Amino acid sequence: QVQLVESGGGLVQPGGSLRLSCAASGSIFTIYTMTWYRQAPGKQRELVATISRGGTINYVDSVKGRFTISRDNAKRMVYLQMNSLKPEDTAVYYCYGDLQVSPVQSIVGYWGQGTQVTVSS
């Protein structure tokens, strides 16, 4: 069973930092693009950052210069380093992965369960 499990969320003061991790487990042949999304209360889920298998990275404008996405293919991990956090970064952060479980099957998207990030004094 393929799973994506996030960790690292919590409560932090404005200006602080958090590092989110997402671990992929199960029978996985290849992990392609990995993406962090977030959803604030009453708002739609939005893409925060994405990283391809080859390392191509994109960010939503609101986090550029503050957040850094990275991955470790050998460990099947993706990370989101969040610095200079603002109250408007408060949301549930989700990991999303485009995964292939065998060379003969299609690439399928998987979601993690989410981790809460709260930025407040």
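How much space lies in the largest pocket? About 220 Å³. Before the details, the ground rules. This is a predicted model, where local features need pLDDT of at least 70, side-chain atom pairs count only at pLDDT 80 or more, and totals for chains, interfaces and linings use all residues. Residues are numbered from 1 along each chain as its sequence is written, and side-chain values use heavy atoms, with hydrogens and water left out.

Pockets, then. Rolling a probe the size of a water molecule over the atoms shows where empty space is left. Here that is done on a 1 Å grid over the protein atoms alone; a pocket is an open set of points where a 1.4 Å probe fits, with protein on both sides within 12 Å along at least five of seven lines. Lining residues have an atom within 4 Å of a point. Grid points are joined across faces, edges and corners, and the volume is the space filled by probe spheres set on the points.

Back to the largest pocket. Its lining counts 15 residues. Nearest the centre lie Arg-38, Ala-40, Lys-43, Glu-46 and Glu-88. By class, the lining has 7 charged, 4 polar and 4 nonpolar residues. Charged means Asp, Glu, Lys and Arg; nonpolar means Ala, Val, Leu, Ile, Met, Phe, Trp, Tyr, Cys and Pro; the others, Gly among them, are polar.

The second largest pocket has about 150 Å³. It is lined by 13 residues, with Ile-31, Arg-53, Arg-71, Asn-73 and Arg-76 nearest its centre. This lining divides into 7 nonpolar, 2 polar and 4 charged. Strand 4 (30–39), strand 7 (67–72) and strand 8 (77–82) each give at least two lining residues. Strand 4 has the largest share, 3 residues. Strands are DSSP runs of E, at least two residues, numbered from the N terminus.

Stay with Arg-76 for a moment. It sits in the loop between strand 7 and strand 8. Most residues other than glycine have a negative phi. Arg-76 is partly exposed, at 29% relative accessibility. The cut-offs: buried is under 20% relative accessible area, exposed is over 50%, partly exposed is in between, with a 1.4 Å probe and protein chains only. Ser-84 also has a positive phi, near 50°. Its place is the loop between strand 8 and strand 9, and at 41% relative accessibility it counts as partly exposed.

Next, charge pairs. Side chains of opposite charge can pair when their charged atoms come close. The rule for a salt bridge is a side-chain nitrogen of Lys or Arg within 4 Å of a carboxyl oxygen of Asp or Glu. How many salt bridges does the structure hold? It holds 4.

Take Arg-38 and Asp-89: they meet at 2.9 Å, N to O. That pair links distant parts of the chain, with Arg-38 in strand 4 and Asp-89 in the loop between strand 8 and strand 9, 51 residues apart. Both Arg-38 and Asp-89 are buried.

Asp-89 also forms a salt bridge with Arg-66, the closest N and O atoms 2.7 Å apart. Arg-66 lies in the loop between strand 6 (57–59) and strand 7, 23 residues from Asp-89. Asp-89 is at 1% relative accessibility, so it counts as buried. Arg-66 is buried too, with a relative accessible area of 10%. Put together, Arg-38, Glu-46, Arg-66 and Asp-89 are linked in a network of salt bridges.

Another salt bridge joins Asp-61 and Lys-64, at 2.9 Å, N to O. Here Asp-61 is exposed, with a relative accessible area of 60%.

Now the disulfide. The rule is a pair of cysteine sulfur atoms within 2.5 Å, and the count comes to 1. The partners are Cys-22 and Cys-95, sulfurs 2.1 Å apart. The torsion about their S-S bond is about -80°, so the disulfide is left-handed. Cys-22 lies in strand 3 (residues 18–25) and Cys-95 in strand 9 (residues 91–100), so the pair ties together parts 73 residues apart in sequence. Both Cys-22 and Cys-95 are buried.

Last stop, strand 1. In a regular strand the side chains alternate between the two faces of the sheet. Strand 1 runs antiparallel to strand 3, joined by 5 bridges; two strands pair if DSSP finds at least two bridges between them. And Glu-6 has Cys-22 as its bridge partner in strand 3.

Notes
Helix = DSSP H or I, 4+ residues; strand = E, 2+ residues; numbered from the N terminus.
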